[in-house]
Amino acid sequence: MAALDTRPTPDGGTATGDAALLVRGVSPVLEVPFHADGAVDVAGFSRVVDHVLSTGVTSVMFPGFASEYHKLAEAERAELTEVLLSRTRGRADVAAIVAVQDHATRLAAQRARAVVDAGADLINLLPPHYLSPSRRAVQEHVGAVLAAVAPTPVVLQYAPSETGTSLDAATLRELATEHPNLRLVKVESSPPGRLIAELAAGRPALPAVEGYAGVQLPDAVRRGAVGTQPGCSFTEIYVELWRRYEAGDHAGGDELHRRLLPYISYWMLDTELIIAAEKLISVRRGLFADPYCREPAHRLDAEEIGMVDRFLAEFDTMLPHLG
């Protein structure tokens, strides 16, 4: 069974619940601000965490592709993870999902165990993909990490465009049968809807969250997705989108998504592009000082900068300045 959450509540009591059930609705991936010289802006990251948690989400994930995890030193990653966990350990209403992307099974299991011991509520596991490991090797890797952290719940990230990894619903159900702490799948295939529906209909049923900046969110919702996991620079729009769909206002959700789609569909043409765009959005909103992305990175041209400013003008009532 999944791990029970026994974190202290503000009144000094103890909350008991399933942390995996907090991964519902909008679950943003936290970005990492840098100073203009490329050093990590720890104070800026603290503001990112505080702001995102203030939007009412019940879970956040760090570090992911949107966090430029592959450009962080181990010490930087550890420091930023502690910033996040220091804000979530004492809360029963929000879950910290800490990601594990190590390619070596031994290292992935060690990291996963360490962050659970440090206070992570869930693990987000990205399967190994360098040099195209076989499906059997990937399955064994995932199984080993699941076993290492049981009963802590795990979200398996399926991102074939970024990794080339190929998994199907039958393989994922097999893993969940053997390891019941595999509780959710983040589906970032394009389109994601069919796999989401297959996972929901199987035995055991596996809830799915949709990624990929919400480009296919309306279809994902209709096919049973329990949440979406976008970047964090305009979390408020995703929260409103999810509120409309959850309330049964599909027409209103579709209309808001229609307005958002021209922007996110362009930005998601390249992962480095959306990272750069979201950082500029956060800077324009006053969340931190510099939109620097560690090289190699996408450098926004004049038209792409103008697109960010048009986006902020269009959604100005939903995205207040935070400075």
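Me: How much space lies in the largest cavity?
Reply: The model is predicted. The count comes to 1 cavity of 30 Å³ or more. The space in the largest cavity is about 270 Å³.

Me: Which residues lie closest to the centre of the largest cavity?
Reply: The lining of the largest cavity has 21 residues. They divide into 11 nonpolar, 4 polar and 6 charged. Closest to the centre are Phe65, Ala66, Gly231, Met268 and Ile274.

Me: Which helix gives the largest share of that lining?
Reply: The share in question is 5 residues. They come from residues 271–284, which is helix H11.

Me: Is strand E8 largely enclosed or open?
Reply: Strand E8 covers residues 182–187. Buried means under 20% relative accessible area. In E8, 6 of the 6 residues are buried, so the rest of the structure leaves the strand largely enclosed.

Me: In which sense do E7 and E8 pair, parallel or antiparallel?
Reply: Strand E7 spans residues 154–158. Tyr158 has Val187 of E8 as its bridge partner. Over 5 bridges, the sense of the E7 and E8 pairing is parallel.

Me: How many residues apart are Phe34 and Tyr292?
Reply: The structure holds 11 aromatic pairs. Phe34 and Tyr292 form one that is edge-to-face, at 6.3 Å centre to centre and 85° between the planes. Phe34 sits in the loop between strand E3 and helix H1, and Tyr292 in the loop between H11 and helix H12. The two are 258 residues apart.

Me: Which counts as buried and which as partly exposed, Phe34 or Tyr292?
Reply: The cut-off for buried is under 20% relative accessible area. Phe34, at 1%, counts as buried. Tyr292, at 25%, counts as partly exposed.

Me: Is the pair of Trp267 and Phe311 stacked or edge-to-face?
Reply: Planes over 60 degrees apart count as edge-to-face. The ring centres of Trp267 and Phe311 are 5.3 Å apart and the planes are at 75°, so the pair is edge-to-face.

Me: Which residues form one aromatic cluster?
Reply: Trp267 and Phe311 are both buried. Both belong to the cluster. Its members are Phe234, Tyr238, Tyr263, Trp267, Phe311 and Phe315.

Note on methods
Residues numbered from 1 in each chain as written. Predicted model: local features only at pLDDT ≥ 70, side-chain atom pairs only at ≥ 80, totals over all residues. Heavy atoms only, no water. 1 Å grid on protein atoms, 1.4 Å probe; cavity = no way out; pocket = protein on both sides within 12 Å on 5 of 7 lines; lining within 4 Å. Points joined across faces, edges and corners; volume = space filled by probe spheres on them. Helix = DSSP H or I, 4+ residues; strand = E, 2+ residues; numbered from the N terminus. Nonpolar A, V, L, I, M, F, W, Y, C, P; charged D, E, K, R; others polar. Buried < 20%, exposed > 50% of the residue type's maximum accessible area, 1.4 Å probe, protein only. Pairing = 2+ DSSP bridges. Phe/Tyr/Trp six-rings, centres within 6.5 Å; stacked < 30°, edge-to-face > 60°.
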